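Student: I would like to go through this structure with you. Please tell me what each term rests on.

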Amino acid sequence: MKPLTARGSVPNRLALATAALATVALAGPAGAAIVHPAAAPKQPRLPSQCTAAATAPGWTCSFNVAPGTYQLRLTFGSKRQATDTVVRVEARRTVLPEIKTAVGQIVTRDVTVNVRTPESMPDGQEGNGTPGLQVYVSGANPALDGIKVLPRPHSRQIFVISDSTAADWLGGPKRGWAQELPQYLPPNVSLANYGDSGSSTVSWLSNPSLFAAVKPLIRPGDDVLIQLAHNDKTTTEAVYRANLRTLIDAVRSRGGKPVLVTPPVRHLFDATGKITPTGRIVNNLGVDLPAVMRGVAAESSVPLIDLTADSEALLEQLGDSASWPLYLTVAHDGVKDSTHFSEHGATVMAGIVFHELKVSSVS
């Protein structure tokens with residue numbers, strides 16, 4: 001596999017924002033599906049670990065496996081009807097957003113899954129989740145024809161070190177952008193999302209359940225996306241800069257490749273239709289944290305994904321009202337939240353991150 005690199009700048013952020021919205025409808029750009037002849041569809045022979053979902057069409061499959069990296073080979077389709085299937089794993093991470101098949105068509109797709117305990121946030125604030133590997137199959141008209149689980153110990157990994165805006169949320173309406181990122185990745189790449197609600201550069205270095213626990217897992221060639229700023233509300237510029245450099249040096253000491261990601265903006269508009277300084281993550285001390293991160297990236301020769309600028313361009317293009325569906329709203333989610341994303345919003349933000357990454361599959 002060729003190295004993963006990030007584009008340092010995006011010439012037209014409005015074009016990027018429009019492209020990100022368009023990618024939401026994609027059924028994962030990674031790898032071609034294996035399509036079997038329509039003449040020989042099989043009847044479903046699902047393993048005993050799969051049971052029918054209780055509240056909607058679909059299945060929940062639970063596999064008693066140890067923490068690690070696994071390859072899922074899933075087969076979809078029906079000889080009687082067209083199908084439309086979505087697959088999520090573990091803490092509701094979307095790995096296959098929409099697999100459509102025609103009548104009689106059988107399609108096989110592979111994905112790589114990171115299994116760990118706790119399965120969502122590393123400090124366990126949402127609980128440990130369910131032991132082993134959980135696979136949730138749903139959709140408008142789902143059809144699971146088969147599923148296999150195989151160990152994949154040497155898979156390429158992308159780690160995410162972040163706060164709640166990227167985290168895996170076990171329940172409720174919130175979604176983190178890294179929770180939705182796996183659907184865009186090649187089938188041989190594993191995403192290890194360690195986003196942790198309420199965390200900052202300070203807590204990531206001081207809390208033993210955070211970077212001290214993640215660092216030993218980083219292997220040579222792994223990419224480590226670092227997005228920390230939302231909760232550095234009283235961190236001075238000097239400390240913030242030093243903390244980012246400490247994280248960068250530690251990732252490099254393991255042979256990993258750090259990538260800095262500036263934070264997504266909050267849904268906070270001024271009277272002119274622009275995102276406010278607080279929305280752009282200028283902290284309580286007046287420190288422009290994304291600007292500091294850009295400077296550290298340049299000084300340390302680290303790739304930068306400018307999610308602050310990209311999300312700002314997207315929100316301002318849509319406007320105050322039309323951009324609310326990206327976030328949590330009372331009408332749809334029962335709560336109004338200018339910081340955290342809906343499933344739709346997290347998917348769009350993940351699309352932006354994907355557009356700023358160049359991920360090459362095995363040649």
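**Terms and values**

Tutor: Start with a pair of residues: Phe 76 stands opposite Val 107 in β8. The model is predicted, so local features need pLDDT of at least 70 and side-chain atom pairs count only at pLDDT 80 or more, while totals for chains, interfaces and linings use all residues. Residues are numbered from 1 along each chain as its sequence is written, and side-chain values use heavy atoms, with hydrogens and water left out.

Student: What makes β5 and β8 a pair?

Tutor: Two strands pair if DSSP finds at least two bridges between them. Strand β5 (residues 68–77) is joined to strand β8 (residues 106–115) by 10 bridges, and the two run antiparallel.

Student: Which strand pairs with β5 over 7 bridges?

Tutor: Strand β10 (residues 144–151), also in the antiparallel sense. Arg 73 stands opposite Lys 148 in β10.

Student: Why is β5 called mostly covered?

Tutor: Buried means under 20% relative accessible area; exposed means over 50%, and partly exposed lies in between (1.4 Å probe, protein chains only). In β5, 8 of its 10 residues are buried. For the chain, buried residues make up 54% of the 363 residues.

Student: How are helices and strands counted here?

Tutor: They are DSSP runs, numbered from the N terminus: helices are H or I with at least four residues, strands are E with at least two. The chain has 9 helices and 18 strands.

Student: Why does Glu 90 count as buried?

Tutor: Its relative accessibility is 1%, so Glu 90 counts as buried. Glu 90 is in the loop between β6 and β7. Glu 90 has a positive phi of about 50° although it is not a glycine.

Student: And why does Arg 92 count as buried?

Tutor: Arg 92 has 17% relative accessibility, so it counts as buried. Arg 92 is found in the loop between β6 and β7. Its phi is positive too, at about 60°, although Arg 92 is not a glycine.

Student: Why are α5 and α6 called oblique?

Tutor: Angles under 35 degrees count as roughly parallel, over 145 as roughly antiparallel, 65 to 115 as roughly perpendicular and the rest as oblique. Axes are lines fitted to C-alpha atoms, for helices over the stretch in contact, and angles run from 0 to 180 degrees between N-to-C directions. Helix α5 (residues 237–253) and helix α6 (residues 289–300) pack at about 45°, with axes 10 Å apart. α5 and α6 are therefore oblique to each other.

Student: Which residues make the contact of α5 with α6?

Tutor: Contact means heavy atoms within 4.5 Å. The α5 residues include Tyr 240, Leu 244 and Ile 248, and those of α6 include Val 292, Met 293 and Val 296. The contact residues divide into 7 nonpolar, 1 polar and 5 charged. Here Ala, Val, Leu, Ile, Met, Phe, Trp, Tyr, Cys and Pro count as nonpolar, Asp, Glu, Lys and Arg as charged, and the others, Gly among them, as polar.

Student: What angle makes α7 and α9 oblique?

Tutor: The axes of helix α7 (residues 307–318) and helix α9 (residues 343–355) cross at roughly 130° and come within 11 Å. α7 and α9 are therefore oblique to each other. Leu 314 and Leu 315 are among the α7 residues that meet α9, where Ile 352 and Val 353 are among the partners.
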